[in-house]
Amino acid sequence: MSLLLRLCEWLATTSGSIALHESRYMYLIVLSVHVLTLCLFVGTAAIVDLRLMGLTMQSVRVSEVMTRLLPWTAAGFLLMIISGALLFYAAPLLRYQNIFFRAKMVTLVLAGVNVWVFHNTVYRRVAVWDQDPVPPRSARVVGGLALVFWVVLITLGRMIPYQVYWFDCNRQPQPAIVNVLAGCNTDSR
Amino acid sequence: MSLFEFCERVQYSPLLSAMRSSSWVFPLIASIHLMGLALIGGALLVVDLRLLGLGLRHQPVAQVARDAERWLLVSLLVLLPTGLLQFMCFAATKYYYLTAFWVKMAALSLALVFTFVVRRKVAMAEETRMNPVWSKLVALVSLSLWSTVAIAGRLIGLP
């Protein structure tokens, strides 16, 4: 059994996890915060991405749009991570063995790499194209990729609770590929 | 035909029955609705923050409002059809009975009128003629109305 799975099993036995899982309102409040923070996090990020693609605020310098809006995006991101971590904490095993959750985490890392690469390459030379109504191709690609990542993240996140309709580690047999992707623990059966 | 009969007729129409029988369609529509939620959040926030003297505060309000309006319309074009489809899927057995849904519809009507009539006028007005307290009030009303829409919408989805 993998270390991560054992860690999730242990997390699920902690009193905080059980309390959140069994709570009447707290879990739903955390979930609602997570969903509504989309407006702040993805909303402001999307405006920045659209500016990078040259699709909005063309007369405003790119660096101005970024410095004025990214603090709000960062605040949204913080709320997302905290509420998201709590949602994971409420049902660690269920999330760990959820294909959509796993895909969402991979996508999140890829989205992070996209942002990191942008800040360390294209954005380094922003002074050259700061005023351009339509930024250079590399910046447009980063903005477009980011928008695609948000779309994929939202879809995968929405799908997380629907996994049980299609596959579930606790209902075997499942196709081998599903067991591998979901990390189902089949060797004890 | 009563409102309830209308909801029933919509929900049990062949197209909607077919949609309900698929386990993928509903969550996919809900996902697209959430993408619209994110976008409308951005399009509204940039203007309301600017009216509050935050965010893009070195740009003229009118310019921020004009730039954001296109994306506000795009987000509504995403939200309204996907919202309508979700309503149609369970019009008679769920939405008809849900107070949160009717609160959302009322708040949405108010928010749309306020945004495209009052806020638009204030945002496009010449800044020198605008009392900053008035601008801030408009931003706060806009944020409250749209928050009501969003929170009531979230309540619809709760078990």
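Is Y97(B) buried or exposed? Select Y97(B): at 54% relative accessibility it counts as exposed, where exposed means over 50% relative accessible area, buried under 20%, and partly exposed in between (1.4 Å probe, protein chains only).

The model on screen is predicted, so local features need pLDDT of at least 70 and side-chain atom pairs count only at pLDDT 80 or more, while totals for chains, interfaces and linings use all residues. Residues are numbered from 1 along each chain as its sequence is written, chains are lettered from A and ligands numbered from 1 in the order in which they are written, and side-chain values use heavy atoms, with hydrogens and water left out.

**Stop 1: aromatic rings of chain B**

A search of the whole structure finds twelve aromatic pairs over all chains. Rings of Phe, Tyr and Trp (its six-membered ring) pair if their centres lie within 6.5 Å; planes under 30 degrees apart count as stacked, over 60 as edge-to-face and the rest as tilted. Y96(B) is partly exposed, with a relative accessible area of 29%.

Next select F101(B) and W102(B), an edge-to-face pair at 4.9 Å centre to centre and 70° between the planes. F101(B) is buried at 6% relative accessible area, whereas W102(B) is partly exposed at 35%.

**Stop 2: the cavity in chain B**

How many cavities of 30 Å³ or more does a search of the whole structure find? The search finds one. On a 1 Å grid over the protein atoms alone, a cavity is a set of points where a 1.4 Å probe fits but cannot get out, and a pocket is an open set with protein on both sides within 12 Å along at least five of seven lines; lining residues have an atom within 4 Å of a point. Grid points are joined across faces, edges and corners, and a volume is the space filled by probe spheres set on the points.

The largest cavity holds about 90 Å³. To show its lining, select A43(B), V47(B), A65(B), A68(B), E69(B), L72(B), T115(B), R119(B), R120(B), A123(B) and M124(B). Helix 5 of chain B gives the largest share, five residues. Helices are DSSP runs (H or I, at least four residues), numbered from the N terminus. By class, the lining has seven nonpolar, one polar and three charged residues; Ala, Val, Leu, Ile, Met, Phe, Trp, Tyr, Cys and Pro count as nonpolar, Asp, Glu, Lys and Arg as charged, and the others, Gly among them, as polar.

**Stop 3: a pocket in chain A**

Move to the second largest pocket, with a volume of about 410 Å³. Of its 20 lining residues, F41(A), L70(A), T73(A), V115(A) and W150(A) lie nearest its centre. Helix 6 of chain A supplies the largest share of the lining, seven residues. The lining has 15 nonpolar, four polar and one charged residues.

**Stop 4: helix 4 of chain A**

Select helix 4 of chain A, which has 29 residues and spans 40 Å from its first C-alpha to its last, close to the 42 Å expected at 1.5 Å a residue (1.5 Å times one less than the number of residues). Zoom to L69(A), where a kink of about 40° lies shortly before the proline P71(A); the bend is the angle between axes fitted to the seven residues ending there and the seven starting there.

Finish at M57(A), in the loop between helix 3 and helix 4 of chain A. Phi of M57(A) is near 50°, a positive value in a residue other than glycine. M57(A) is buried, with a relative accessible area of 2%.

Methods. Helix = DSSP H or I, 4+ residues; strand = E, 2+ residues; numbered from the N terminus.
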